[in-house]
Amino acid sequence: MRGTPVNGNLKGPRIRRVVASAVALAAAMGLASCGTSGPSGSSADSSAKGLTMWALNDQTILKESVDAYNKDHPDEKITLRLFANDDYKQKLRVAFGAGQAPDIFFSWGGGALNDYVKAGKVDALTAAEANTDRFTPSVMQSATFDSKVYGVPANGLAPVVLYYNKKVLADAGVEPPKTYDDLLAAVKKLKGKGVTPLSLAANSKWPTLMYLEYLLDRQGGPQVFSKIASGDAAMWKDASVTKANQYLQDLSKAGAFGDNASSVGYDQGASTALLYTGKAAMEVMGTWEYANIAKAAPDFLKKGDLGYTALPSLSGGAGDPKSIVGNPSNFLSLNSSTKHRSAALTYLKDYVLDGSQVDAYLAAGSVPPVKDLESKLAAVKSSSDKAWLTFVYNLVEKAPGFQLSWDQALPSDQADPLLTNTDKSFLRQISPADFGVNMSKAAS
Amino acid sequence: MTVTVPARRRGGRATGTGLLMAAPALLLFGLFGLVPLVGVAALSLARWDGLGSVGWAGLANWSSVLTDGATWQALGLTVKVMAVSWLVQTPIALALGVFQAPRGRVRSLFAVLFFLPLLLSAVAVGLTWQALLDPSFGIGATPGLHWLAKPLLGSPELALYTVVFVIAWQFVPFHALLYQAGIRQIPTALYEAAALDGAGPVARFRHITLPQLKYTMVTSSTLMLVGSLTYFDLIFVLSGGTGGPGTATRVLPLAMYITGFQAHDMGRASAVATLLVVFGLGLSLLTTRLSGFTRMDSRQEGM
């Protein structure tokens, strides 16, 4: 009997020579390709006639603005490509690096957009070119660098608010918390009732970060983070950062997030479901959650069981309880190497958040960041939507500050250490003071 | 290195034909294996954020990667995944292989069923298990299974083992298939002779099946070890792309991805990637050397 033929030995001198020459060839080709395909000279990826635009695939209303534009401009159409949230940022980055980037792209503003601005990949827009004066000024700040505007807001305001299940709170005899101490007291009562007090998708990490953003803003005021965002790494070691982490860990220690939070991911909708199924009493989340709930549990909304309020105040904190954190808006920016600048500007100026877009956003329960919205708000038909929209509009109007999410505000190389340390602080793997120490190390 | 290559040469012709026949494979390997490798090695000496221009960094990336505790923690986790995976998968795969090897309708039915996980993409497997392991809405919510309602993927102590379990669920079928094939190649004459000599099933398994499967085991182990060194997609999906909770499942390939594509530090990520290549190469050389795989003499000498 014979064994199976074996071809595993790469040992003979002959083969070694072949491999060596292949390596040499490969090296030569590698060098050659380094010379030609460097990240220089990127040109927008577009067919001869039209433009391309990239956005996230949940932006269905934004898509309508592209459709409207295409109807009016059949010779220079926009091809819209929609992507899933998770890998969009990476895709965009790689596309820019490879010179395959779209003419118009969607972003969160802040530090991530500033990366592109600093690399010269984005064109500044003058007020006249894109009619930027129609937007809420506090929102425009997220896309303004060196007092130049690099993006046009493209969807609704997204401050973080506290949602609650009215029925669950009533059953436990708890009022919606107005202060942090109320919140802790509510946590104890709700835990006694066997429900998770606060639904948190800690597996996704960024929902946990919302707590730190809010707690630091209440504790230290907005200037602490604005100093950090402007590059002052030592500010991470400020006492208020430690205190904010302390408050987060206190909540966690009190069982506010239940036993399973670290297994819950946001994208699967589990944290939302916990709230509307009554397994959890409250959730801290961005305003987009309203539309998610309306879609996943319309009956819950219809029964009027969904409550929402501003994040609780913190006694002894330096921050203003009217301040908000979250995402002011998403932005559309212009690739500086586009060959269709005027067409892109036409789209940004006349089609993004125009009258019909504003109506569509309001109908979907989202407040677009445009000025003088009162009359439109008053005209909203559904009473539950109207109450919600007015709540969000007033929250933003009255807010002295609107802090952009830290993971968007900071340069992207700090986003991962930030999320990882937030998670570790939440899991109490590091002490409240360690958070600041680790972050200042990562930032410097 | 025990193979002696014949010294005789019949001019350049034999070499030429050999080269010619190997050319397509070598070309593909060179183009998609070696070229990127050289590019990555070069990039590990550069500073590049993926957007701006590439700058020279010298050995800065290397010194920062090698002195960073996170790198070594990630490497430790990788080794742990490797070792635990091997310990979990090998006995199960061997047992399944032994079960599947004899012909029979029930056995082939089971063999097909066992094989199914391998046909699914890692992302599908990851998302499915993530949903199943959700403590509030997953299997833990089934009456009678409430003891499973634990943060299996969320607890820093359990997450890595949960990940290893899901990896095993997907890859045990493949290794079972290897063992099945290996067992089917063992001549029945050996078993018949042993049975005549009065060897029981356990003795036959220990003295015939296991020794005859030596090279199957080496192959399977090498694939398993090197595979788990670079294992990425399932861990990425199961941890929500973060290697969390905390950094409890951030293995080296995931750390590389996060450095490169989330922190946009291509230079450092390339240094980590080069480290991975070196470890992988070392590991496969080591396993083949230690196990005598390179000699690969027949296990059926004298038959």
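Author: A helix here is a DSSP run of H or I with at least four residues, and a strand is a run of E with at least two. The model is predicted. By that count the secondary structure of chain B comes to twelve helices and two strands.

Reader: In what order do the elements of chain B run from the N terminus on?

Author: The order in chain B is α-β-β-α-α-α-α-α-α-α-α-α-α-α. The C-alpha trace of chain B spans about 75 × 75 × 30 Å along its principal axes.

Reader: What share of the residues in chain B is buried?

Author: Of the 303 residues in chain B, 36% are buried. To be called buried, a residue needs 20 or more other C-beta atoms within 10 Å of its own.

Reader: What makes His264(B) count as buried or exposed?

Author: His264(B) has 25 C-beta neighbours inside 10 Å. The limit for a buried residue is 20 or more, so His264(B) is buried. The residue lies in the loop between α11 (252-262) and α12 of chain B. Its phi is positive, about 55°, although His264(B) is not a glycine.

Reader: What makes Arg428(A) count as buried, exposed or partly exposed?

Author: Arg428(A) has 13 C-beta neighbours inside 10 Å.

Reader: Why is Asp232(A) called partly exposed?

Author: The count for Asp232(A) is 15 other C-beta atoms within 10 Å. That lies between the limits of 12 and 20, so the residue is partly exposed. Asp232(A) sits in the loop between α10 (222-229) and α11 (239-253) of chain A. Its C-alpha atom is 8.5 Å from that of Ala443(A), a residue 211 residues apart from Asp232(A) along the chain.

Reader: Which strands of chain A stand at the edges of the open sheet, and why are they left without a neighbour on one side?

Author: The open sheet has five strands in the order β2-β1-β3-β12-β6 (chain A), with mixed pairing. The edges are β2 (78-83) and β6 (152-153) of chain A; each has a single partner strand, so one side of each has no neighbour in the sheet.

Reader: How many bridges join strand β3 of chain A to β12(A)?

Author: Four bridges join β3 (residues 104-107) of chain A to β12(A), so these strands pair as well. They too run antiparallel. Here Ile104(A) stands opposite Leu334(A).

Reader: What makes both faces of β12(A) count as covered?

Author: In a regular strand the side chains alternate between the two faces of the sheet. Phe331(A) and Ser333(A) lie on one side of β12(A), Leu332(A) and Leu334(A) on the other, and all are buried.

Reader: How do the helices α2 and α12 of chain B pack, and at what angle?

Author: Helix α2 (residues 60-67) of chain B meets helix α12 (residues 266-291) of chain B at an angle of about 65°, with the axes 9 Å apart. The crossing is right-handed. Asn61(B), Trp62(B), Ser64(B) and Val65(B) of α2(B) make the contact with Gly267(B), Arg268(B), Ala271(B) and Val272(B) of α12(B).

Reader: How many residues of that contact are nonpolar, polar and charged?

Author: The contact has four nonpolar, three polar and one charged residues. Gly counts as polar.

Reader: Which domains does chain A have, and where are their bounds?

Author: The domain assignment gives domain 1 (51-156 + 328-371) and domain 2 (158-326 + 402-443) of chain A. Their C-alpha centres lie 29 Å apart.

Reader: How many residues of domain 1 of chain A are in contact with domain 2 of chain A?

Author: 14 residues of domain 1 of chain A are in contact with twelve residues of domain 2 of chain A. Helix α4 (residues 110-118) of chain A gives the most to the domain 1 side, with four residues. By class, that side has four nonpolar, nine polar and one charged residues.

How values were computed
Residues numbered from 1 in each chain as written. Chains lettered and ligands numbered in written order. Predicted model: local features only at pLDDT ≥ 70, side-chain atom pairs only at ≥ 80, totals over all residues. Domains from an automatic or database assignment. Contact = placed C-beta atoms within 7 Å. Axes fitted to C-alpha atoms, helices over the stretch in contact; angles between N-to-C directions. Left-handed = near helix turned anticlockwise from the far one by under 90°. Pairing = 2+ DSSP bridges.
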